[in-house]
Amino acid sequence: MKIIPLSPQDLFIAALLVIALALLSIPMKLGLWRRILAAGLRTAIQLSLVGFVLKALFEHARLSWVVLAATAMLLVAGREVMRRQKRRFAGWRGYAVGTVSMFISSFSITVLALTVIIDIHPWYDPQYAIPLLGMLLGNTMSGIALGMDRLTQTAWDQRTLIEARLMLGHTWTEAIGAIRRESIRNGLIPIINSMSVVGIVSLPGMMTGQVLSGTLPVEAVKYQILIMFLIAAGTGFGTISAVWIGSRRLFDDRQRLRLNRLKAGK
Amino acid sequence: MDGLRIEELCFQGIGPLNLSVSPGECVGLYGPSGAGKTLFLRSIADLDPHEGRVFLDGTESAEMAGSEWRRRVGLLSAESGWWFDTVADHFHSPAPADLEALGFGPEVMGWSVSRLSTGERQRLAALRLLENRPNALLLDEPSANLDPENIDRVERFLHTYRTGRRIAVIWVSHDREQIKRVSARRFLLTRTGLLET
């Protein structure tokens, strides 16, 4: 069984649906039509480009190229995490907190999966490494962005309460503890929810894709289970690490709350 | 020297300020709004970045963690913060006599914070702070939202604590009469410095 190739006309019909959505949003005054069209255009261009990049990578399966591609993915994901926060840390740290956490969790888990679990040779085989890392980064990115956004926003809103605790001699960890827990929960809930409903309510894209391209459903399911577990771990460790680093950064070495280290995003 | 000693304190374009408060002494502080009275207290409690040094009973703030310093130098802010649902969660075990001195019965501990009035919060915040047994007190308008009867209660409560433990107190108030009642020395804070009056 071979996958049926899609023609440009096929994609154009799907694109018409998005255009219809954008048109509908104009009389409804959603203020979204530009963004819908721009995002749709980005989808088409980015995915076309990545198709070429993947093709080239698969033909030249060298570690240096894979590392380069992985680094580029990480940097873009880091920027996206920063962009999704209403209030973020000023300066290079606004970028580093999320990026470092994603690097720690996504990269180490991808390498573990490639070397120990899937055990492919060479371990950096781009046909496995890049999609795996992509799925991990994408999900970890969402978790970290949700966690960090909650952390900085809540700290900003509850500054009076945090400082009230500091005035009573509480340490910075006591003063931020509840907010930190809430932020981590906020980052983890989506992946926990999707683990609970996967297969019943939702059929994940990766598994669907494998089935469409002719993989036996049983094999596709095994890969999907593997991916879900990796994503859950990656999101969890990444979010915990980012919220932890971020909450530390909200205080200085005298345990003062330093909200001036945050700046309003767009 | 014992007590609270503030040397060359600078913050947000104000200062340098120097002030010594002896053990058991209460110093009154007043000044136009925006002069930096609250910022001054926050800097002493090491809640804001500042230059200069602050000593309590000969020990400098930098010699201990910020949290430890703020346990010893208690700052009572004008606006109190409450983060749990019930009053009791914010306390260890307040003495019934102390509650009574501030006009509360023991049942207040079971109340939820959301039903407290501003004045009740302010009195309870004073009690909560003193549970730490601080060795210096920085009071920022501690009775601003109170009726005369409760102002009297708070003043007496704080007086008892100050004289009983011989601690240094800085009392900020816009009420000149109150400043005269509670303090022996009074200072006017302007953007140029502290002026004894």
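Domain bounds here come from an automatic or database domain assignment. For chain A, that assignment gives domain 1 (1–59) and domain 2 (61–264), and their C-alpha centres lie 26 Å apart. Where they touch, 7 residues come from domain 1 of chain A and 10 residues from domain 2 of chain A, with two residues in contact if their C-beta atoms, placed from the backbone, lie within 7 Å. On the domain 1 side, the touching residues split into 6 nonpolar, no polar and 1 charged. (Ala, Val, Leu, Ile, Met, Phe, Trp, Tyr, Cys and Pro count as nonpolar, Asp, Glu, Lys and Arg as charged, and the others, Gly among them, as polar.)

Keep in mind that this is a predicted model: local features need pLDDT of at least 70, side-chain atom pairs count only at pLDDT 80 or more, and totals for chains, interfaces and linings use all residues. Residues are numbered from 1 along each chain as its sequence is written, while chains are lettered from A and ligands numbered from 1 in the order in which they are written. Chain A averages a pLDDT (the predictor's confidence in each residue, from 0 to 100) of 92.

Now hop over to chain B. All 5 of the 5 residues of strand 3 (residues 26–30) are buried, so this strand is largely enclosed by the rest of the structure. Buried means 20 or more other C-beta atoms within 10 Å of a residue's own, with C-beta atoms placed from the backbone; strands are DSSP runs (E, at least two residues), numbered from the N terminus. B:Cys26, B:Gly28 and B:Tyr30 cover one side, B:Val27 and B:Leu29 the other.

Strand 3 of chain B pairs in the parallel sense with strand 8 (residues 168–172) of chain B over 4 bridges, pairing needing at least two DSSP bridges. There, B:Val27 stands opposite B:Ile170.

Methods
Buried ≥ 20, exposed ≤ 12 C-beta atoms within 10 Å, placed from the backbone.
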